[in-house]
Amino acid sequence: MRTAIVLFTRDLRLHDNLTLSTAAREAEQIVPLFVFDDAILGTAFARPNRVAFLLDTLRDLDASLTRRGGHLVLRSGDVVAETLALAREVRAETVFVAEDASGYAQRRQRRLAEACHADRVALRLTPGVTVAPLVSIEASSGQHYRVFTPFYRAWSRAPRRPVEATPRRLPMPTGVSRGRLPTLSRLVPGRPSPELPPGGETAGRRRLSAWLRSGAAGHDDLAADATSRLSPYLHFGCISPLEVARRAAEVAGAAPFGRQLAWRDFFHQLLAARPETAHQDMRPRGDRWSDDTEALETWKQGKTGYPIVDACMRQLLREGYMHNRARLITASFLVHDLRVDWRAGARHLFDWLVDGDVANNVGNWQWVAGTGANPRPPRAFNPLRQAYRFDPDGVYVRRYVPELAAIEGRAVHEPWKLRENATGYPTPIVDRT
């Protein structure tokens, strides 16, 4: 094979990129391509936090490709049309692309397959967005798993491919127009959160190594901020989930993290099998949701009067990030205390999370609401119990709710009990006594 196109989507890295390394082994010349998709830009999928992180990531990817003799080709428009136009231009024989789980990604893959067939260009789909290839782990019935525990047992036993070596050289055809990286303001309106992490494979690998050196402990301690914070790098494929799983397995204390990677795979295989669950109940319960838009807005702004809930919501706005424990606390409060539809909460988190992953976001929300992959009753979390357990000294709350900074110790979790309440802090939106 003389020339191949590698279409990057959510695998924006060189290390352990099976799509790229396979193409590099089989083709004499590689054309790395990323398309700014018109079908995504301008929709809920494109928000300032994620697009800013994406632009960082593409700069880093281009720099890595340049060091190996290539560069990233950028195009804008319809992904299928732009890919086939470039294939004709460079006379590519094959297009390589990583498989993905969402309904949109699956439709894109089908369209790409049809267009490649019509142009007599081969299409090669490779795994890459999960530890185990999508739909590779099935129950004895031949169907996808609907409950996590048996999936986890099968996932833990499943064989895994070796980590791919990074290609040393990626020669390109001459004369291919690079395209130009657009500015954030040109792509999306609005400003990103003020404390976003840097995007890209370089930053992701640096963070992974630092976290593994730390011992990977204290993952549920909100104040310690000891989680890996790798979720945006996994979402954009800046780091390989398979490589992360292998490296974490070698570190004492990282077993809970390995289980979280299994949950990520579980939600992706669920979405791949049932893409409609991105907006429909997987297990309908006949819930009657409140249409209280004021309560929803109060929750979004972190002004519910429950300090632990408000701290979590304000961290989201400030950093584009929320601890997994915080996601459970805030989701439970919205769904079970305010009785607001989980879809409204999922949309808000998706607007702000840098790691705004459809599979994980929707999977977790449906799990809490009791409409998803959870055979047990809905998971309702008492925010005060959660606060005293995971932020016992109130350090996390004081970090994100400055109105309460003067309240010392555990008392910060129930400021309404103090003789003099904190100035400017709201009273609880609901009574949980």
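Author: A residue is called buried when its relative accessible area is under 20%, exposed when it is over 50% and partly exposed in between, using a 1.4 Å probe and protein chains only. Phe 257 is buried, with a relative accessible area of 13%, and Trp 211 is buried as well, at 8%. This is a predicted model, in which local features need pLDDT of at least 70 and side-chain atom pairs count only at pLDDT 80 or more, while totals for chains, interfaces and linings use all residues. Residues are numbered from 1 along each chain as its sequence is written, and side-chain values use heavy atoms, with hydrogens and water left out.

Rings of Phe, Tyr and Trp (its six-membered ring) pair if their centres lie within 6.5 Å, and planes under 30 degrees apart count as stacked, over 60 as edge-to-face and the rest as tilted. The structure holds 18 aromatic pairs. One of them joins Phe 148 and Phe 266 edge-to-face, with 5.7 Å from centre to centre and 70° between the planes. Phe 148 lies in helix H5 (residues 148-157) and Phe 266 in helix H10 (residues 255-273), so this pair ties together parts that are 118 residues apart in sequence; helices here are DSSP runs of H or I with at least four residues, numbered from the N terminus. Both Phe 148 and Phe 266 are buried. The ring centres of Trp 211 and Phe 257 are 4.6 Å apart with their planes at 55°, so that pair is tilted, and it links helix H7 (residues 201-213), which holds Trp 211, with helix H10, which holds Phe 257, 46 residues apart.

How values were computed. Helices (H or I, at least four residues) and strands (E, at least two) are DSSP runs, numbered from the N terminus.
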